[in-house]
Amino acid sequence: MNSFIKHLVEITGHRDHDLLNISVASSLRELLLAEQATVFEVASMGGHTVMRPKIRITAEGTDVLEQVTDADDLFPEQISGLWQGLEQKQGVIRVTQDGQDLLWLPIWINDKLHTCLQLSRPQQAEEPVMEVVHGMLIVYRNFQNLLDYSERDSLTGLLNRKTFDDSFSKVLRTNLREMTPLEVRPEEQQPLAKPESERREQDAEKFNWLAVLDIDHFKRVNDQFGHLYGDEVLILIANLLRNSFRPNDRLFRFGGEEFVILLRSVTKQDADQIFDRFRETVGNHHFPQVGTVTVSIGYAKIDLFEPAVAIVGRADQALYYAKMNGRNRSCFYDSLVASGDLHQEQANDIAEFF
């Protein structure tokens with residue numbers, strides 16, 4: 001009982017997803033004497049359930065896995081026993097994978113798989129210990145639900161605006177940790193001419209990107225079809241966003257018909273294609289009663305040495321240009337400046353899109 005109370009106090013003291021996940025995973029690893037505890041974030045991608053590792057805890061310490069790739073993704077249907085257990089909504093699923101005993105603890109919220117915890121080589125626990133585990137998982141699920149309620153837009157389920165600063169800061173922290181000391185202070189480096197091959201290699205580097213997306217003529221949708229159909233358009237756009245972007249990208253509804261996308265670690269060429277492909281996906285989608293809906297997108301590269309408000313401002317200026325030049329376009333801020341179509345001092349504080 002004392003052990004349960006100790007863990008309960010620690011779990012209920014957090015108001016952050018990562019800290020909550022670390023606390024719960026650490027407690028379960030200790031209770032079940034497991035070699036490793038991993039927290040998997042669950043998402044839907046291309047009609048498939050995808051699990052991506054988020055937190056990993058071993059005897060050596062705790063890792064927050066912010067730079068995972070598609071190669072780290074797990075597909076439950078490919079793991080014998082796991083998919084069947086999830087389909088049956090089991091609370092505890094024991095499987096053997098590659099000769100290793102694994103204990104999976106899925107967390108369901110509103111009948112939807114939200115998170116999955118994995119314990120490697122846990123000891124066989126007695127009934128009183130498993131009762132404590134089940135109690136902890138109930139508390140964990142309830143706190144996950146509360147955090148989601150405060151962090152997500154109630155209509156679309158996307159992250160809300162107040163979570164943006166924290167998500168943006170995590171992107172910057174991740175990138176800064178990967179940089180060398182010389183890279184952290186670029187103003188101290190002397191610019192040197194680089195050979196053409198090196199410049200081409202640099203052009204292919206991966207960056208993070210911020211996009212502001214706005215639904216074209218959304219006021220017309222509300223006026224012509226009513227707010228219920230307008231809300232349905234917002235929900236369907238959010239679903240298309242979830243199905244088009246990766247689990248480690250971040251999707252926000254900023255309010256009204258405006259959305260923001262944090263696209264993680266892709267090249268400039270890929271970013272161009274990804275945003276333009278999403279614009280085409282929306283344009284080709286049939287919206288009940290409304291018919292065709294289009295979106296305009298403005299995006300900018302995330303500069304590690306500038307505040308979020310400056311980068312959002314650049315993406316917003318690119319969006320403004322797209323709106324003023326025909327809509328149903330995706331525009332990159334730097335390209336517009338380089339072509340002379342946009343001046344850096346331009347602002348759209350008084351812009352009226354509709």
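Q: Are Phe-245 and Phe-275 buried or exposed?
A: This is a predicted model, where local features need pLDDT of at least 70, side-chain atom pairs count only at pLDDT 80 or more, and totals for chains, interfaces and linings use all residues. Residues are numbered from 1 along each chain as its sequence is written, and side-chain values use heavy atoms, with hydrogens and water left out. Buried means under 20% relative accessible area, exposed over 50% and partly exposed in between, with a 1.4 Å probe and protein chains only. By that rule, Phe-245 and Phe-275 are buried.

Q: How are the ring planes of Phe-245 and Phe-275 arranged?
A: Rings of Phe, Tyr and Trp (its six-membered ring) pair if their centres lie within 6.5 Å; planes under 30 degrees apart count as stacked, over 60 as edge-to-face and the rest as tilted. Here the centres are 6.4 Å apart and the planes stand at 40°, so the pair is tilted.

Q: Which residues do ring pairs link into a cluster?
A: Both Phe-245 and Phe-278 are buried, and they belong to this cluster.
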